[in-house]
Amino acid sequence: MKVAIVGVSGAVGQEFLRVLDERNFPLDELVLFGSSRSAGRVYTFRGKEYTVRELKHNDDFKGIDVAFVSAGGGTSVEFEKTITQYGAVMIDNSSAFRMDNDVPLVVPEVNPEDALDRPRNVIANPNCTTIQMVVALKVIEQLSHIKRVHVSTYQAASGAGATAMAELVKQYEQLLKGEEPTIEKFAYQLAYNLIPQVDVFTDNGYTKEEMKMYNETRKIMHSDIEVSATCVRVPVIRAHSEATWVETERPVSVEEVRAAFAEAEGIVLQDNPDQKEYPMPLFVADKEPVYVGRIRKDISNPNGLTFWTVSDQIKKGAALNAVQIAEYLIKVGNIG
């Protein structure tokens with residue numbers, strides 16, 4: 001198994017290295033790619049040093065089985081054919097291909113089989129907030145069809161990359177010293193603040209991030225589900241949180257849902273409010289599963305349920321999900 005990572009120097013690229021190692025991914029060769037700025041950097045993986053190559057339009061992807069790509073949408077579009085021309089499966093973390101009809105959008109706990117039908121040999125990794133939500137929604141969908149979802153997200157700085165995480169830390173340091181905070185990655189100071197905007201606004205008043213949750217959820221779940229989202233950036237370093245309300249076709253009890261979550265793949269049930277036990281980003285950062293808690297009936301709707309989820313945006317929301325897709329393809333004998 002020959003594996004490539006494109007965009008290895010970024011936050012998700014570095015997480016790819018950690019996840020591949022932690023999960024003992026069965027690779028024989030590893031090739032690292034980056035921009036001209038990153039070319040020449042050296043990273044250690046499983047005791048061996050690897051030098052980053054500059055990503056170019058050449059034959060570097062000949063013989064590569066799977067390429068994990070996290071270098072931005074523009075780069076993904078430009079280099080798609082270069083990466084896939086010799087048969088490599090491109091698992092792309094950008095938003096470039098997610099809604100293309102001939103590119104599957106995959107969360108392994110929800111729709112792994114979709115990864116087998118990939119005319120362009122490209123598989124899209126969904127948006128981090130969508131991944132976290134649909135892992136939980138799939139569990140409820142198996143009990144009763146979900147008609148409608150309202151979700152508010154509480155998104156960590158990690159969603160905007162390594163420089164955004166560093167900026168949040170720096171802002172707190174500057175403010176404690178009485179200095180003016182550095183504001184570069186976000187429209188406003190994030191420290192001691194909430195910003196009710198993630199990505200740019202669209203004509204309907206929703207942001208692109210919020211529309212991703214609507215469109216991607218329907219594609220992944222092959223469903224007519226309606227999703228209304230409000231996405232908020234919060235002063236947390238790592239791990240996104242979501243407050244989710246669902247309306248199902250039939251009433252579903254809290255006991256049914258709790259039992260289903262307890263058995264579900266990729267989920268940790270942490271729902272003991274009497275003991276103040278519920279998921280929090282402080283404790284979920286760097287963990288693999290989606291954590292679920294605060295499960296309760298919606299007192300305003302007999303067919304309504306509400307719950308709280310937390311998941312590491314860089315891990316399950318990005319690198320881990322992509323690696324799990326590749327693991328599934330290996331398991332069913334579809335690559336390698």
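Student: How many salt bridges does the structure hold?

Tutor: A salt bridge is counted when a side-chain nitrogen of Lys or Arg lies within 4 Å of a carboxyl oxygen of Asp or Glu. In this predicted model there are 24 salt bridges.

Student: Which residue meets Asp21 in a salt bridge?

Tutor: The partner is Arg46, and the N to O distance between the two side chains is 3.4 Å. Asp21 belongs to helix 1 (residues 11–22), whereas Arg46 sits in the loop between strand 3 (42–45) and strand 4 (48–51), so the pair ties together parts that are 25 residues apart in sequence.

Student: What is the N to O distance in the salt bridge of Arg218 and Glu226?

Tutor: For Arg218 and Glu226 the distance is 3.5 Å. Arg218 is partly exposed at 24% relative accessibility, and Glu226 is partly exposed at 33%.

Student: Where do Asp286 and Lys315 lie?

Tutor: The side chains of Asp286 and Lys315 meet in a salt bridge with an N to O distance of 3.1 Å. Asp286 is in the loop between helix 7 and strand 13 (290–297), and Lys315 is in helix 8 (residues 315–331), so this pair ties together parts that are 29 residues apart in sequence.

Student: Is Lys315 buried or exposed?

Tutor: Lys315 counts as buried because its relative accessibility is 1%, under the 20% cut-off.

Student: Which residues are joined with Asp286 and Lys315 into one network?

Tutor: Salt bridges that share partners can be read together as a network. Here they join Asp286 and Lys315 with Glu15, Arg18, Glu22, Arg238 and Asp312.

Student: Which residues form a nonpolar patch on the surface?

Tutor: For such a patch, each residue needs over 30% relative accessible area and no salt bridge, and nonpolar side chains are joined within 5 Å. In this structure Met280, Leu282 and Phe283 form one, and together they have about 330 Å² of accessible area.

Student: Where does Leu282 lie, and is Leu282 buried or exposed?

Tutor: Leu282 is part of helix 7 (residues 281–284). Its relative accessible area is 69%, so Leu282 is classed as exposed.

Technical notes: Residues numbered from 1 in each chain as written. Predicted model: local features only at pLDDT ≥ 70, side-chain atom pairs only at ≥ 80, totals over all residues. Heavy atoms only, no water. Patch = residues over 30% accessible without salt bridge, like charges linked within 9 Å, V, L, I, M, F, W, Y side chains within 5 Å. Areas by Shrake-Rupley, 256 points an atom, 1.4 Å probe, with all protein chains shown as cover. Helix = DSSP H or I, 4+ residues; strand = E, 2+ residues; numbered from the N terminus. Buried < 20%, exposed > 50% of the residue type's maximum accessible area, 1.4 Å probe, protein only.
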